[in-house]
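Hi there,

Here is the structure I promised to pass on. Have a look at it first, and then read my notes below.

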Amino acid sequence: MGTPDVLRLVTAATTTALLATLAAACAARDDWAPEALLLGDVSVSRHEIERGRQVYAEYCVGCHGARGDGRGPAARMLEPPPRDFTKGIFKFAGVPSGTLPHDEDLERIIARGLFPSAMPDFPLLDAADRRAVVQYLKTFSPRWASSRPGARIVPTDDPFADDDAGGIQRGRHLYHGIAECWSCHPSYASRAEISAFARTDGRTVDSFRDAMFAPVPKPSDWGFDIVPPDFPVEGVKSGSSLEDLYRTIASGVGGTAMPTWRESLPENDIWALVHYVRSLVVMDRATLARLRRTIGAPAHSTAAVSAPPAARPDLTPPSPHERGELAENP
Ligand code: HEC
Ligand code: HEC
């Protein structure tokens, strides 16, 4: 099948999906007004959904698919695959894992992308277009007609703002001794250190998993395994500033094994972990090689995912910047 056929099909199928969803939402709601639809906690005009459909058809359909099921023509080649919007489950929202995101979470993700996954950034997409496409992608899942977004997880004051080293030290202890982040993510401490951390807290570690210096693939709500990142090697997808990491660690990663930590750890400890994970994300290669030697880890990570950023397609719309009015390329 040639590309034009695919595009025609895609447009037709998208329109059909939209009409079906509108009809379903209409049937489900008593106070249905033809000109607006309630999606999450936002009332959205038909006009805005139509605008979102056009943005989606231009920039998103190739990966996320005409039905929003994550099965666009490019999806086969992508690891992890594009999000299936029909399930209404999202990973990187600033809400407790498993609850629906707020519009600004989705808008942030669309503007910034999720490197090193294939999800591109769309910084040049107009704010109104970003808002509209968010409303449109909500029409793919019935969850948005019946549920409201989760409680926002907003960063508290950082107790280690003037003491990064103290935060890192406490975070390293927590990561290995108490929270046992290394039961899924790699360990960055030796067995002897982990046992010593646990002893300080009056506990003993009964067993260490094999290959504890590599991540363990974990089941997800989408039916396939997801590999937790090896932080110094892959970095993180949803932002590496202290505030971004606070949001990710406190909220957890929806649909995956990564839990919401806000309920189970005191705020100070979440912030210590934030400082520690950040120190891993920004760690240079020489320091990582030295660390690996010290803790008895193999010289190279055996992580399964490390897509080079160069592999990501450039799908941002043409702008004055791209038309040569601005020379710099960030
Ligand atoms: C080149 C392929 C590609 C294109 C084009 C693309 N995406 Fe994605 N998108 C992905 C992949 C892959 C993921 C999954 C990343 C992951 O699971 O780590 C994703 C995830 C997402 C998510 C889920 C975020 C979360 O927290 O779960 C949203 C929302 C999203 N994309 C919106 C869009 C929108 C809107 C567009 C168009 C403006 C778009 N994407 C274009 C590949 C793409
Ligand atoms: C039960 C398994 C599990 C445990 C325990 C766990 N994680 Fe995760 N974590 C995951 C998985 C799976 C992902 C990958 C999510 C993805 O990219 O789809 C992840 C991703 C992350 C990310 C990256 C999010 C991004 O933006 O890409 C951070 C940061 C993180 N975890 C921190 C922690 C910290 C800190 C701890 C301990 C307090 C921890 N995790 C414990 C499974 C776990």
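Let me start with a question: is A211 buried, exposed or partly exposed? A211 is partly exposed, because 13 other C-beta atoms lie within 10 Å (buried needs 20 or more other C-beta atoms within 10 Å of a residue's own, exposed 12 or fewer, and partly exposed is in between, with C-beta atoms placed from the backbone). A211 also has a positive phi of about 50° although it is not a glycine, and it sits in the loop between α8 and β3 (218-219).

A word on conventions: this is a predicted model, in which local features need pLDDT of at least 70 and side-chain atom pairs count only at pLDDT 80 or more, while totals for chains, interfaces and linings use all residues. Residues are numbered from 1 along each chain as its sequence is written, and chains are lettered from A and ligands numbered from 1 in the order in which they are written. Helices (H or I, at least four residues) and strands (E, at least two) are DSSP runs, numbered from the N terminus.

E180 is another non-glycine residue with a positive phi, near 50°. You will find E180 in the loop between α7 (164-178) and α8 (191-200), and it counts as partly exposed because it has 15 C-beta neighbours inside 10 Å.

There are cis peptide bonds to look at as well. One joins E79 and P80, with omega about 0°, and P80 lies in the loop between α3 (61-64) and α4 (103-112). Another joins F115 and P116, with omega about 10°; P116 is in the loop between α4 and α5 (127-138).

Now to the strands. β1 (residues 36-39) and β2 (residues 42-45) pair in the antiparallel sense over four bridges (pairing takes at least two bridges found by DSSP). L37 stands opposite V44 in β2.

Finally, the helices α10 (residues 242-251) and α11 (residues 267-281). Residues of α10 including L242, Y246 and I249 meet residues of α11, among them W271, L273 and R278 (contact means C-beta atoms, placed from the backbone, within 7 Å).

Happy to hear what you make of it.

Best wishes

Note on methods:
Contact = placed C-beta atoms within 7 Å.
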